[in-house]
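Student: I have a model open on my screen and would like to learn how to read it. Could we go through a few features together?

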Amino acid sequence: MQIGLIGLGKMGSNMAERLRRGDHDVVGFDPHVEARQVGSLDELVETLAAPRVVWVMVPSGDPTRATVRDLGDRLEPGDVVVDGGNSRYTDDIMHCAALAEKGIGYVDAGVSGGIWGLDNGYALMVGGTDEDVAKVQPAFDTLKPPGDAGFVHAGPVGAGHFAKMVHNGIEYGLMQAYAEGYELLTATDVVTDVPGVLRSWTQGTVIRSWLLDLLVLALDADPELAEVSGWVEDSGEGRWTLDEAINNSVPMPVIAAALFARFGSRQQESPAMKAVAALRQQFGGHAIRKVAAGEVETPA
């Protein structure tokens, strides 16, 4: 099939390459990348044969909203827009309604696979009508991993990104559990080969996973993670997952703790823990550590 792809960053360019390997005609556009086939949205639309399928792979939020809006001004009835970024599912509902007024279809696609997806395939969670999903299905079949799994038509518009949001929330919890286990292993002299222990877990254990494999790879390159900062960002999906948990009264203590741990990673000095130290001194006369001098002050 012929497909337009907007956004040729790490994910977008690899997806375009996988599609081309599957004999699809990919017309790529990205104003910031030289390796593009067209120089503007207008040229992209003119190059594609109707009914068109245009896949958007740009950062979520305003960039995606602006791109979908611009496509709505250029595409024709019967065309389909696919948002493959990490948009919030509520944006999908808004985009679908706006495009539907012009007869343009909309599919939201949660995509997982990262930089490894080019060779391994991408897990795809999509939302939309049966008719619109069918127009994109040949591309989905090429992008997904081999076999029966790796693709799901999760439901109506919004379902794909909702599923991806929960997926990423779970990812937060899994990564935090591995990280805490790693820290405990390194905090004692009992275990002398921490990377070896983690590697041993990758086969035959109940906690084996691709994330664990990636942690082993990271330790192979840097056994003590000496070149890695402990500062960890969050891209939004963890927060959105907890918002929905609150809205639906679903307890998510693990994912909440993982998100808050990321917040803590960005604090050089925690105001909350300073308050705890001050309180311990006030009620029990416990020692406090002087930040400036790095000394311990012992109360009289």
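Tutor: Gladly, and keep in mind that this is a predicted model. Let's start with Arg52, which sits in the loop between helix H2 (41-47) and strand S3 (53-56).

Student: Is Arg52 buried or exposed?

Tutor: Buried means under 20% relative accessible area. Arg52 has a relative accessible area of 10%, so Arg52 is buried.

Student: Which residues does Arg52 contact beyond its neighbours within four places in sequence?

Tutor: Those are Val45, Leu75, Glu76, Asp79 and Val80. With Glu76, the side chain of Arg52 makes a polar contact of 3.3 Å. A polar atom of the Arg52 side chain also lies 3.4 Å from the backbone oxygen of Leu48.

Student: Now helices. Which residues of helix H3 (residues 62-72) are buried?

Tutor: They are Thr64, Thr67, Val68, Leu71 and Gly72. Looking down the axis of H3, you find these buried residues within an arc of 140 degrees, so they line one face of the helix. Exposed Asp62 and Arg69 are on the face turned away from that buried side. The cover over the buried residues includes strand S1 (2-6), H2, S3, strand S4 (80-83) and helix H4 (89-100).

Student: And how do I describe a pair of packed helices?

Tutor: Give the angle between their axes and the distance between the axes. For helix H1 (residues 10-21) and helix H6 (residues 130-143), the axes come within 9 Å and cross at roughly 100 degrees. H1 and H6 are therefore roughly perpendicular to each other.

Student: Which residues meet there?

Tutor: Met15, Arg18 and Leu19 of H1 meet Ala139, Thr142 and Leu143 of H6. By type, the residues of this contact are 4 nonpolar, 1 polar and 1 charged.

Technical notes: Residues are numbered from 1 along each chain as its sequence is written. This is a predicted model: local features need pLDDT of at least 70, side-chain atom pairs count only at pLDDT 80 or more; totals for chains, interfaces and linings use all residues. Side-chain values use heavy atoms; hydrogens and water are left out. Helices (H or I, at least four residues) and strands (E, at least two) are DSSP runs, numbered from the N terminus. Buried means under 20% relative accessible area, exposed over 50%, partly exposed in between (1.4 Å probe, protein chains only). A polar contact is a pair of N or O atoms within 3.5 Å; within protein, one must be able to donate a hydrogen and the other to accept it, and residues adjacent in sequence count only if both atoms are side-chain atoms. Contact means heavy atoms within 4.5 Å. Axes are lines fitted to C-alpha atoms, for helices over the stretch in contact, and angles run from 0 to 180 degrees between N-to-C directions. Angles under 35 degrees count as roughly parallel, over 145 as roughly antiparallel, 65 to 115 as roughly perpendicular and the rest as oblique. Ala, Val, Leu, Ile, Met, Phe, Trp, Tyr, Cys and Pro count as nonpolar, Asp, Glu, Lys and Arg as charged, and the others, Gly among them, as polar. The arc is that of the directions from the helix axis to the C-beta atoms.
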